[in-house]
Amino acid sequence: MYDLIIIGMGISGISASIYAHRAGLKVLLLEKSAPGGTINTISEIENYPGFKSISGPDLAYKLFTEVNDLGIEYKLEEVTDVIIDKTTVIKTKNNVYETKFLLIASGRRPKLLGLKDEDKFLGRGVCTCALCDGPLYKNSPVAVIGGGSSALSEALYLANIVSKVYLIHRRDEFRGENSLIKEVEKKDNIELILNNEVTELVIKDDTLTGIILKDRQKLAVKGIFIYVGYYPNTDFLKQTNILMEDGYILVDAHNETNIKGVYAAGDVTKKEIYQIINAASEGAQSVVYMTQKR
Ligand SMILES: Cc1cc2nc3c(=O)[nH]c(=O)nc-3n(C[C@H](O)[C@H](O)[C@H](O)COP(=O)(O)OP(=O)(O)OC[C@H]3O[C@@H](n4cnc5c(N)ncnc54)[C@H](O)[C@@H]3O)c2cc1C
């Protein structure tokens, strides 16, 4: 029996685990993919205190090192089900764990555009991570789809690798940070295409060769990078009565859900700001509040 199980080893789950460890809780972190979570996909982070600039994988590595140095228990297993009764039971593919408190810090995953053949070409033409896949398109033209800070910052990152970036947004202005908009506007090899949308992928010999836009304009690109929104990772909660809105978990000011002892923090929760700094703080504060209730 654990005092606390944390689902997800992103910045939120890892911050929580550090607080839990210091509070003397018997804590277990569960992660289905890479420790560090979404941070692993960010090219450069320039708004996290303590680091004027740091690459996402470097920050993820520092977090993972801290977990190891502190001796916090973690397992690389995907949670498939959560059953909440007198205690909370967490099922993974091969194991079953029991815990008094649960913290869900499972983040969210990128949305795609819903185009024909999009899934088939995911990872070979259709991408959601510039840092991971950008180098595959060195000196080739690509398109970035989206209008928020993620799309802007990743377009800037790609512009240093590829020959040209078409930045395509369906509205007439970007909604990302002003400083990023200014930088994008200054870049010679980023062409802004506003009030337009991708409607088709052009495939030739089983390879992506271009895209067609709503106005029938055809662009020759070798890759498209999609930043148009996210789905929260809450599928494994289907056997619970945790309240959600659009799949995002609803929490109170203490990060507790409608179920006593079950907390949620970071990008998986319904909130206004999805940033590293508040994901970290929500993870930490949820543990502080739960230890007060022990
Ligand atoms: C391209 C991009 C650029 C960004 N740039 C910045 C930036 O410059 N500055 C900034 O402040 N923020 C930035 N953000 C936002 C920031 O990355 C997130 O707000 C933050 O990393 C979220 O942390 P988290 O711990 O809530 O979730 P995540 O980091 O997503 O962690 C969730 C973890 O849970 C795991 N998980 C999910 N389901 C399961 C399961 N069933 N079982 C086990 N594990 C599971 C996932 O594998 C993942 O590791 C950016 C985001 C993107 C996509």
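Me: How many Å separate the centres of domain 1 and domain 2?
Reply: The two centres are 31 Å apart, taken over C-alpha atoms. The domain bounds come from an automatic or database domain assignment. This is a predicted model: local features need pLDDT of at least 70, side-chain atom pairs count only at pLDDT 80 or more, and totals for chains, interfaces and linings use all residues. Residues are numbered from 1 along each chain as its sequence is written.

Me: Ok, and where are the domain bounds?
Reply: Domain 1 covers 2-109 + 230-292, and domain 2 covers 112-226.

Me: How many residues of domain 1 are in contact with domain 2?
Reply: Five residues of domain 1 are in contact with six residues of domain 2 (in contact: C-beta atoms, placed from the backbone, within 7 Å).

Me: Switching to the ligand: which residues are closest?
Reply: Gly8, Gly10, Gly37, Gly107 and Gly266 are the closest of the 35 residues that surround the ligand (near: C-beta atom, placed from the backbone, within 6 Å). Helix H1 (11-22), helix H4 (149-159) and helix H6 (276-292) each give two or more residues to that shell (helices are DSSP runs of H or I, at least four residues; strands are runs of E, at least two; both are numbered from the N terminus).

Me: And where does the ligand lie relative to the domains?
Reply: Both domain 1 and domain 2 give residues to the shell, so the ligand lies between them.

Me: How many helices and strands does the whole chain have?
Reply: The protein chain has six helices and 19 strands.

Me: What size of box do the C-alpha atoms fill?
Reply: Roughly 60 × 40 × 30 Å, taken along the principal axes.

Key:
Contact = placed C-beta atoms within 7 Å.
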